[in-house]
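Take a moment to look over the sequence and turn the model around.

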Amino acid sequence: MNEVKTTFRRMVFYYFLMAINIIPNASIIPDSFPTRNVSFIYLLTLCVCLVLYYSHRVLKAGGLSVMMKALSWMSLLLILLRGIKYSALAEVGILARHTWYFYYVPMLLLPLLMFYISLLVSPKEKLKIRKGWFLPIIITVIFIIAVLTNDLHQQVFRFQPNFSDWDNTYSHGWLFYAVTLWQYALYFAAVGILVFKCRISSSKKNAWIITIPFAIGLLMNVLLLTERMPTLNGAHIIEFPETLIFTVAIVLECCIQLGLIPTNTDYGKLFQKFSVSAQITDKEGKPVYSSSTAIPLTKEQFSVKNGSRIGEHTVLHKMEIPGGFGFWQDDLTELDRLNEELAQAKEELSQEAELIRLRNELKEKQTKTEQRTLVYDTIAKRTQKQSQLISKLAKIAYASNDAEIKDMCRRKITFLGAYIKRYANLMLMSQESGVVEAGELALSVSEVLRYLNYCGVPCEFVENAQCVVNADAVLAVFEAFEIMIETNFSNLKGAFVNLSEQQEAVVFKLTLENPAETLPHEVTEQLLSVDIKAEEMQEDNVAYISFTLPKGGEAR
């Protein structure tokens with residue numbers, strides 16, 4: 001829903017920019033110094049902004065980036081040629097006429113580029129370039145040559161002898177209609193592929209929005225061709241070049257907002273502030289984004305397998321991504337030292353091998369968790385209570401000779417560990433975006449319940465929610481869920497969770513059998529601070545707690 005609203009807002013903004021051009025285009029302001037050629041300067045400025053926008057917004061790797069940037073340059077070229085024809089070369093007949101012919105270079109390349117963009121955003125993961133893909137290029141080049149050589153054959157535009165009054169008195173030849181038909185065929189093919197052949201499931205349901213600006217642009221072109229476009233002061237309020245450029249730009253902006261076209265959302269700034277040693281490279285190993293702590297990779301290191309050591313205490317992780325690879329380095333100096341100490345301790349305490357193995361695993365997990373959460377101090381602070389409880393349980397288990405106590409401590413440790421891991425995961429998501437998928441909350445709750453079931457408490461979970469929720473609300477509910485489980489752990493005989501989606505909200509229902517404690521007042525206050533309504537009811541030694549989370553939220 002947020003994507004749809006943002007798309008329509010952007011669409012309105014583009015049409016507002018188009019409407020501004022009516023002022024100079026219809027001579028509402030005089031076309032004389034100092035306001036001469038204001039329309040040309042305004043449209044040229046917008047095209048330059050479009051070039052810069054695509055250069056920054058569209059991901060640098062891959063053919064899609066090349067196509068998008070080439071399309072923005074063609075828009076700039078079209079406006080530039082029109083300005084040259086009617087300003088610099090207006091009095092030079094042959095040059096003005098050939099500049100007019102050159103209009104058809106960007107006019108034919110714009111639909112061609114848009115056609116190839118639609119092919120690039122809609123295919124399956126592995127795209128195979130077929131020979132038939134080159135046929136539209138060949139046809140387009142032939143039409144461009146035909147237009148540029150019109151003076152020789154006059155099959156596109158027909159003039160009077162010696163090109164007398166060529167700018168006002170001419171007719172269209174059969175090639176003009178062929179060129180026009182070819183342009184619209186490419187446009188219709190591109191929009192059809194984007195709407196009907198889209199294989200991106202998250203975007204397909206809203207892909208129909210693309211047809212709105214396309215239909216509006218088609219209507220404006222028909223009005224221009226049939227001379228029915230409204231006029232003001234003797235001039236059309238909108239001319240053909242800006243109609244064409246704005247229609248293409250709005251269609252592509254819809255694709256960007258709907259997620260059809262992958263975009264760059266300031267990943268460079270993210271990596272500059274990232275303390276983890278990570279970097280993204282292209283297929284050849286050239287860094288595209290790199291954090292300040294990342295070590296430059298050699299050609300040999302670029303080719304190593306995932307998880308290989310590139311130093312005594314450094315592990316290099318590698319993951320293939322579209323257009324290149326992602327790398328991150330783990331400094332295992334402290335972990336290696338701890339492993340050595342733990343190995344020595346295991347030899348000294350061979351009589352309690354099982355307990356030492358559990359302590360080793362716990363310390364290793366704690367060490368890894370600490371290393372991965374150094375950049376997010378809030379994770380450590382908010383899970384401090386659970387971490388301390390884990391440590392206390394480990395000491396109790398170590399000091400006790402009772403196998404039942406040891407087993408109880410071990411099970412509760414795994415339960416608390418599951419909560420810490422899932423809470424950290426939700427916190428990391430909340431740092432990247434202001435919203436979290438309801439499915440992520442479901443996965444977190446499901447895993448905690450699984451370990452609770454391992455502790456001997458029967459659990460069941462039902463989930464039916466496919467939307468996004470404010471990240472702070474998700475964290476607050478997950479914290480409240482953990483508090484109720486933890487405070488009633490000793491008495492709890494069963495737990496049931498139902499996560500469902502309603503029209504305007506997501507409902508998280510928690511049912512606890514034989515609870516000892518109710519929902520603390522401070523937790524209720526915290527939930528209210530993030531717009532979560534909590535309702536609690538007890539009946540026959542069963543507590544029914546319902547949390548109502550508002551849908552949506554805005555990404556940061």
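The protein has 22 helices and 16 strands. Here helices (H or I, at least four residues) and strands (E, at least two) are DSSP runs, numbered from the N terminus. Keep in mind that this is a predicted model, where local features need pLDDT of at least 70 and side-chain atom pairs count only at pLDDT 80 or more, while totals for chains, interfaces and linings use all residues. Residues are numbered from 1 along each chain as its sequence is written, and side-chain values use heavy atoms, with hydrogens and water left out.

Of the 556 residues, 43% count as buried, which here is under 20% relative accessible area, with exposed being over 50% and partly exposed in between (1.4 Å probe, protein chains only). Now for contacts, meaning heavy atoms within 4.5 Å. Among contacts with a separation of 6 or more, residues 24 or more positions apart account for 66%.

Let's go to an open sheet built from five strands, in the order 11-13-14-16-15, with mixed pairing. Two strands pair if DSSP finds at least two bridges between them. Strand 11 (459–464) and strand 15 (533–539) sit at the edges with a single partner strand each, so one side of each has no neighbour in the sheet. From one strand to the next, the twist averages 10°.

Helix 20 packs on this sheet and touches strand 11, strand 13 (494–501) and strand 14 (505–513). The direction of helix 20 makes about 170° with that of strand 11. Axes are lines fitted to C-alpha atoms (for helices, over the stretch in contact), and angles run from 0 to 180 degrees between N-to-C directions.

How are some of these strands joined?

| Strands | Direction | Bridges | Facing residues |
|---|---|---|---|
| 13 and 14 | antiparallel | eight | Ser500 and Val507 |
| 14 and 16 | antiparallel | nine | Leu510 and Ile545 |
| 15 and 16 | antiparallel | seven | Gln538 and Ala543 |

Glu535 has Ser546 of strand 16 as its bridge partner. Ala543 of strand 16 stands opposite Leu512 and is also the bridge partner of Gln538.

Strand 13 and strand 14 make one, with three residues between them. Strand 15 and strand 16 make another, with two residues between the strands, and there Asp540 takes a positive phi near 55°.

Strand 7 pairs with strand 8 (residues 314–321) over two bridges in the antiparallel sense. In that pairing, Ser308 stands opposite Leu316 in strand 8.

**Helix 21 and its partners**

Back to helix 20 (residues 438–454), which packs with helix 21 (residues 471–487) at an angle of about 10°, their axes 11 Å apart. Angles under 35 degrees count as roughly parallel, over 145 as roughly antiparallel, 65 to 115 as roughly perpendicular and the rest as oblique. Helix 20 and helix 21 are therefore roughly parallel. Leu441, Ser444, Val445, Val448, Leu449 and Leu452 in helix 20 meet Val474, Phe478, Phe481 and Ile485 in helix 21. Sort those residues by class and you get nine nonpolar, one polar and no charged. (Ala, Val, Leu, Ile, Met, Phe, Trp, Tyr, Cys and Pro count as nonpolar, Asp, Glu, Lys and Arg as charged, and the others, Gly among them, as polar.)

Which way does helix 19 (residues 403–432) run against helix 21, roughly parallel or roughly antiparallel? Their axes come within 10 Å and cross at roughly 170°, and that makes helix 19 roughly antiparallel to helix 21. On the helix 19 side, the contact includes Phe415, Tyr419 and Arg422, while Val474, Phe478 and Glu482 are among the residues from helix 21. By class, this contact has 11 nonpolar, one polar and four charged residues.
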